[in-house]
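Subject: A structure for you to look at

Dear colleague,

I am passing on a structure that I have been reading through, and I would be glad if you opened it beside this message. My notes follow below it.

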Amino acid sequence: MLSRTAWCLRHRVLFMGSSGISEPCLNGLIVDWQTRQEVCKELMVVTPPGTLQGDTGAAELARRHGVPHEEVRDKKTLKGWAVPQTKEAGDRWDIGVVVSFRYFIPPRVIRQFRLGVVNMHPSLLPKYRGSSPIQAALMHNDAVGGVSIIKIQPGEIMDTGDILKAAETPLSPTMTFETYLKVVSGIGADLVFKCLQDFEAVWAAAAPQPHKTLLPADDPTFAGILRKEDHHIRLDAMSADAIYHRWRALHGAGGTWCSFRRPRDHAVLRCHLKSVLPLSTEDTAALPAAAPGAAFFPQKNCPCFYVKARDGWVAVAAVHIACEKPKTAREFMTGYRFKPMVVHPGVME
């Protein structure tokens, strides 16, 4: 039987999240609530509304495990949304856990939690505040990434809260969005659980961030909302390194594309870059001179073909041309009858 002290350390937790990075954290809380009850004596899940493709991952997890669940009706704002009640009428939720919830949390909501509201952010704050920190770390080819757990308090600018816990993780230069997402999801879930184990002490010992000002959109440490044009690779304007890091940052997060000029009729089609490989200086030194957009196809048994960027070559292993099936480099070369060991100008734009 639990002692009174042990029971008091367990909390009523309201989890607010959506999909992807939020699911491992929610899964850990569900396991605890349904088995050990080390940190959760009550758990409920709130999610944004589902889409035509189905419910969010957090909503599916909640339903699968029988966790009380509520959807916010409005897709854009929490205006008019009321924090749901706990099991016992009149009681308040102790802690709010926010992970990729997609909403700004207004002060009136924050004040309804007895102990506080925390947010899991996949970067080492204050670096990469904003909505795309995972992509920003990969685009900048950072050697180290990480996760921060921060307070959400009334009146503060988003992602500027005091840091409760943080952890670093190495980033390899070949890691993509998909693989890094799994890494930070696991780290974040572990940090959130550790915060909840001794919440009041962790909350009291939180460290303020170095600055809490609103960063301009062009600040290199600000990770704002990605635009449609951020997925467009412009071969005449981007270096080969920048293209490779843009590809790995968006692989699994909307992808990247450039324009392909079809040889038979010169129609310009969208070409999604399904697989891009890193190239060393030695690799590129052996390739011929060419203008941006040119393509060079090695022998037929080569796993990739090369596209010329502003300064250097990009190795492409697979593409998906609009209205066609995805193709490997060899299928692309043979399907469009590109001759090997020849530079073909103006293939990509």
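Pro-126 lies in the loop between β5 and β6 (129-130), where helices (H or I, at least four residues) and strands (E, at least two) are DSSP runs numbered from the N terminus. The peptide bond that leads from Leu-125 to Pro-126 is cis, with omega near 15°.

Before going further, please keep in mind that this is a predicted model, in which local features need pLDDT of at least 70 and side-chain atom pairs count only at pLDDT 80 or more, while totals for chains, interfaces and linings use all residues. Residues are numbered from 1 along each chain as its sequence is written, and side-chain values use heavy atoms, with hydrogens and water left out.

Now to the sheet. Strands of a sheet pair through backbone hydrogen bonds, either parallel or antiparallel. Here seven strands form an open sheet with mixed pairing, in the order β3-β2-β1-β4-β5-β7-β8, and two strands count as paired if DSSP finds at least two bridges between them. Because β3 (69-71) and β8 (163-170) stand at the edges with a single partner strand each, one side of each is left without a neighbour in the sheet. Strand β1 (residues 11-17) pairs with strand β4 (residues 95-99) in the parallel sense over five bridges, and Gly-17 of the model stands opposite Val-99 in β4. Helix α6 (residues 177-197) packs on the sheet, touching β1, β4, β5 (116-121), β7 (144-152) and β8, where contact means heavy atoms within 4.5 Å. The direction of α6 makes about 40° with that of β7; axes are lines fitted to C-alpha atoms, for helices over the stretch in contact, and angles run from 0 to 180 degrees between N-to-C directions.

The largest nonpolar core has 50 residues, of which Phe-15, Val-97, Ile-149 and Leu-196 touch the most other members. Such a core is a set of buried Ala, Val, Leu, Ile, Met, Phe, Trp, Tyr and Cys residues joined through side-chain atoms within 4.5 Å, and buried means under 20% relative accessible area, exposed over 50%, partly exposed in between (1.4 Å probe, protein chains only). Helix α6 gives the most to this core, with eleven residues. Apart from it lies another core, of 29 residues, including Ile-233 and Phe-260.

How is strand β13 (residues 305-309) placed, enclosed or open? Five of its five residues are buried, so β13 is largely enclosed by the rest of the structure. On one side are Phe-305, Val-307 and Ala-309, and on the other Tyr-306 and Lys-308. Strand β13 forms a hairpin with β14, with two residues between them, and the two strands pair in the antiparallel sense over five bridges.

His-266 has a phi near 60°, a positive value in a residue other than glycine, and it is exposed, with a relative accessible area of 52%. This residue, His-266, lies in the loop between β10 (257-261) and β11 (268-277). Met-341 also has a positive phi, of about 60°, although it is not a glycine.

With kind regards
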